[in-house]
Amino acid sequence: PPGCARAPVPGSSRMADLTFTFRSRVPAPADAVYAWHARPLAFTRLAPPWEAATVAHQEGAFGTDGYRAHIRTGLFGPFKATWLAEAFDFAPGARFRDRQLKGPFAHWEHTHNFIPDGPSASVLEESIRYRLPLGALGWLFGARAVRARLGAMFAYRHALTIS
């Protein structure tokens, strides 16, 4: 099931992280699904058209620590943001992770898992731990909207990956 949100920690100035998880069974082995994600322009292929996200610049090579992407993205309406993401923790055929170094979230860490499910299938599981900006106000006014946007985005990405 797509995601779950947690409320702010009572009596604490630190907001609790929110989590989102999306899983799909893919009719291809985990190695092949990982390789598809490792190909050049994978992010561009997976970006839903309504997100208007484009890779402005990349540094390094996928699969190596230090691989970074500068992404230009729309937030809401005319508001734009530059997102600097760094991929790390590469385990070919099994997993990689990315984290926001600069961008619209107070914290963002995304794990891509490729789990074998028989000889010719796998489960693509994407888990995100994130924190909205603006503390309690961000949580109060943005948590549902962000979770809905993530649900739509990952449903699109997984449908594209499966096809």
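This is a predicted model: local features need pLDDT of at least 70, side-chain atom pairs count only at pLDDT 80 or more; totals for chains, interfaces and linings use all residues.
**Exercise 1.** State how many aromatic pairs the model holds, and work out which parts of the chain the pair of Phe-20 and Phe-154 ties together.

*Solution.* The count comes to 16 aromatic pairs. One of them joins Phe-20 and Phe-154, with 5.6 Å from centre to centre and 40 degrees between the planes, and this pair is tilted. Now locate the partners: Phe-20 lies in strand 1 (residues 18-26), whereas Phe-154 lies in helix 3 (residues 135-162), so the pair ties together parts that are 134 residues apart in sequence. Both Phe-20 and Phe-154 are buried.

**Exercise 2.** Describe the order of the strands in the sheet, and then find where helix 1 lies relative to the strands.

*Solution.* The sheet is open and has seven strands, which follow the order 1-7-6-5-4-3-2 with antiparallel pairing. At its edges are strand 1 and strand 2 (54-59), each of which pairs on one side only, and the twist from one strand to the next averages 20 degrees. Within this order, strand 5 (residues 95-102) pairs with strand 6 in the antiparallel sense over five bridges, and Arg-97 has Thr-111 in strand 6 as its bridge partner. Helix 1 (residues 30-38) lies across strands 1, 4, 5, 6 and 7, and runs at about 145 degrees to strand 6.

**Exercise 3.** Determine where His-107 is placed and which residues His-107 contacts beyond its neighbours within four places in sequence.

*Solution.* His-107 has its place in strand 6 (residues 107-116), and at 18% relative accessibility His-107 counts as buried. With the neighbours within four places in sequence left aside, the contacts of His-107 are Asp-17, Arg-129, Tyr-130 and Arg-131.

**Exercise 4.** Identify which ring faces Arg-45 and Arg-99 lie over.

*Solution.* Arg-45 lies over the face of Trp-36, at 4.6 Å from the ring centre, while Arg-99 lies over the face of Phe-88, at 3.7 Å from the ring centre.

Notes:
Residues are numbered from 1 along each chain as its sequence is written. Side-chain values use heavy atoms; hydrogens and water are left out. Helices (H or I, at least four residues) and strands (E, at least two) are DSSP runs, numbered from the N terminus. Buried means under 20% relative accessible area, exposed over 50%, partly exposed in between (1.4 Å probe, protein chains only). Contact means heavy atoms within 4.5 Å. Rings of Phe, Tyr and Trp (its six-membered ring) pair if their centres lie within 6.5 Å; planes under 30 degrees apart count as stacked, over 60 as edge-to-face and the rest as tilted. A charge sits over a ring if NZ of Lys or CZ of Arg is within 6 Å of the ring centre and within 35 degrees of the ring normal. Two strands pair if DSSP finds at least two bridges between them. Axes are lines fitted to C-alpha atoms, for helices over the stretch in contact, and angles run from 0 to 180 degrees between N-to-C directions.
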